[in-house]
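Me: I would like to learn how to read pockets and salt bridges in a model. Can we go through them in order?

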Amino acid sequence: MAKWGMVIDLNKCTGCAECVAACKTENNIAIVGKEQSEMGRTMLWMDILTLYEGKYPDVKVRYLPRPCLHCDNPPCIKVCPVRATYKNEEGIIAQVFPQCIGCRYCMAACPYTVKCFNWTAPDWPDEMAAALNPDVSARPAGIVEKCTFCIHRLQKAKEQAAVEKRDIRPGEYLPACAESCPTRAISFGDLDDPKSEVSGLIRSPRMFRLLEEIGTEPKVYYLSESE
């Protein structure tokens, strides 16, 4: 059984936000207006944190893409009273959207603040509604959303592999963010496969994980920038 994970090379990330745009398009994520955004209600499953170092004119800008980290020891699952969020057999932290009651305990428990609450029902103009991804359900107001590693793509890859009576091939299942990254800063694959790209990358001396000291065991790894 595969254990899916992601490696993000900060040396390669330019902060272009193509991963953010691809994620929103792929997963039918609502676009909120200026008023809602100023209230902190922006809907993002993949975000890019911008870090500034130094003072003008000697300023260095760093970018850190941040999806859900799909922890092996996820605090969000422990507090959900209705089991709307769970870890599947391949380590992906998934959600049953219709089961969510909107209590937001999972949002409070997540140390990475990667979950967002859907305050209003998405209102898609007719021109945009025709472009929605039919593989991803539209979520109603009043529930919590987050990155799923585009788990619908995994299901399609599994079905194709089953028809052809084989295992999923390397690179056959990629989240939209990894597929769209123009600099290939985002790698994705089976962490338990010693021959996979991600398995090799996490052995790099540049590897680190966010808040590793709190024991959440995230499956999103980072490669630090070279000085």
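Predicted model: local features only at pLDDT ≥ 70, side-chain atom pairs only at ≥ 80, totals over all residues.

Me: Which residues lie nearest the centre of the second largest pocket?

Reply: Gln95, Phe97, Val136, Ser137 and Ile151 do, out of 17 lining residues. Strand E5 (93–95) and helix H6 (151–163) each give at least two residues to that lining. Sorted by class, the lining holds 10 nonpolar, five polar and two charged residues.

Me: How many charged residues are in the lining of the largest pocket?

Reply: There are 12, along with 12 nonpolar and four polar. The largest pocket holds about 570 Å³ of space, and strand E8 provides the largest share of its lining, five residues.

Me: What should I look for in a salt bridge?

Reply: Side chains of opposite charge can pair when their charged atoms come close. Here the count is 18 salt bridges. In one of them, Glu179 pairs with Arg153, with the closest N and O atoms 3.0 Å apart. Glu179 is in helix H7 and Arg153 in helix H6, so this pair ties together parts 26 residues apart in sequence.

Me: Is Glu179 buried or exposed?

Reply: Glu179 is exposed, at 52% relative accessible area. By contrast, Glu145 and Arg139 are both buried; their salt bridge has its closest N and O atoms 3.1 Å apart.

Me: Where do Asp47 and Arg66 lie?

Reply: Asp47 is in strand E2 and Arg66 in strand E3, so their pairing ties together parts 19 residues apart in sequence. The N to O distance of this salt bridge is 3.7 Å. Asp47 is partly exposed at 23% relative accessibility, while Arg66 is buried at 13%.

Key:
Residues numbered from 1 in each chain as written. Heavy atoms only, no water. 1 Å grid on protein atoms, 1.4 Å probe; cavity = no way out; pocket = protein on both sides within 12 Å on 5 of 7 lines; lining within 4 Å. Points joined across faces, edges and corners; volume = space filled by probe spheres on them. Helix = DSSP H or I, 4+ residues; strand = E, 2+ residues; numbered from the N terminus. Nonpolar A, V, L, I, M, F, W, Y, C, P; charged D, E, K, R; others polar. Salt bridge = Lys/Arg side-chain N within 4 Å of Asp/Glu carboxyl O. Buried < 20%, exposed > 50% of the residue type's maximum accessible area, 1.4 Å probe, protein only.
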